[in-house]
Amino acid sequence: MSNAQKVALVTGSASGLGLALANELVKRNYRVIGLGRKKPENVAEKDFIVCDLSDPAAVENIPAMVAARTDQLDLLVNNAGFGGYAAWEELPAAELRRMFEVDFFAPVRLAQQMLPLLAASRGGIINIASVAGISPVPCMGAYSAVKAALKRFSQTLRAEASLQGIRVITVCPGRISTGFSS
């Protein structure tokens, strides 16, 4: 790896939007370290971290796994997430907790953990929220709530991290054909 090559950690990069983002970063000469529940067959071990973001203990181990692969980080892309369709009265508490673990708490914890590396590189964080976090969607209340929380976290982190030269961007896409709804 040349000193000029930047390094990105992309969660949820095994499929969908995360895979598309990882592929685009590779085209832009980034070394991408992917993260997800299952390593794709065509990705080298050194370039992927298997981790279930719904497990807080597993999230705590990610910095060590990144450090085993690189000593720099220029970009953190918090993309992993899932949603569901259910009215509030039908939503199981366990599903709501899992959604918040994956879609909110894991990105918050990863950002906290990676701030020193990102400050050293004057890098950036991209948090993938959703238009549902801006304009709530009936029968997707949990997803709307968690993405609104991620958006607010990003806004406050942006102000704090800018003091260390770290840029924070929130992307709020609408419907994308990624298999999310299937």
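Student: Is Arg122 buried or exposed, and what is its relative accessible area?

Tutor: Arg122 is exposed, with a relative accessible area of 54%. Here exposed means over 50%, buried under 20% and partly exposed in between, using a 1.4 Å probe and protein chains only. Keep in mind that this is a predicted model, where local features need pLDDT of at least 70, side-chain atom pairs count only at pLDDT 80 or more, and totals for chains, interfaces and linings use all residues. Residues are numbered from 1 along each chain as its sequence is written, and side-chain values use heavy atoms, with hydrogens and water left out.

Student: Where is Arg122 found?

Tutor: Look in the loop between α4 (93-121) and β5 (124-128). Helices (H or I, at least four residues) and strands (E, at least two) are DSSP runs, numbered from the N terminus. Arg122 is not a glycine, yet its phi is positive, near 55°.

Student: Which residue just after α1 takes a positive phi?

Tutor: That is Asn29, at about 70°, and it is not a glycine either. Asn29 sits in the loop between α1 and β2 and is partly exposed, at 47% relative accessible area.

Student: Which residues of α1 are buried?

Tutor: First the general idea: an α-helix has 3.6 residues a turn, so residues three or four places apart point the same way. In α1, the buried residues are Gly18, Ala22 and Leu25. They cover an arc of only 65° around the axis, which puts them on the same side of α1; the arc is that of the directions from the helix axis to the C-beta atoms. Among the elements covering them are β1 (6-11), β2 (30-36) and β4 (75-78), where contact means heavy atoms within 4.5 Å.

Student: What do the buried residues of α5 pack against?

Tutor: Their partners are α4, β5 and β6 (167-171). The buried residues of α5 include Tyr143, Leu150, Phe153 and Leu157. Helix α5 (residues 141-161) has 21 residues and reaches 30 Å from its first C-alpha to its last, close to the 30 Å expected.

How values were computed
Expected span 1.5 Å × (residues − 1).
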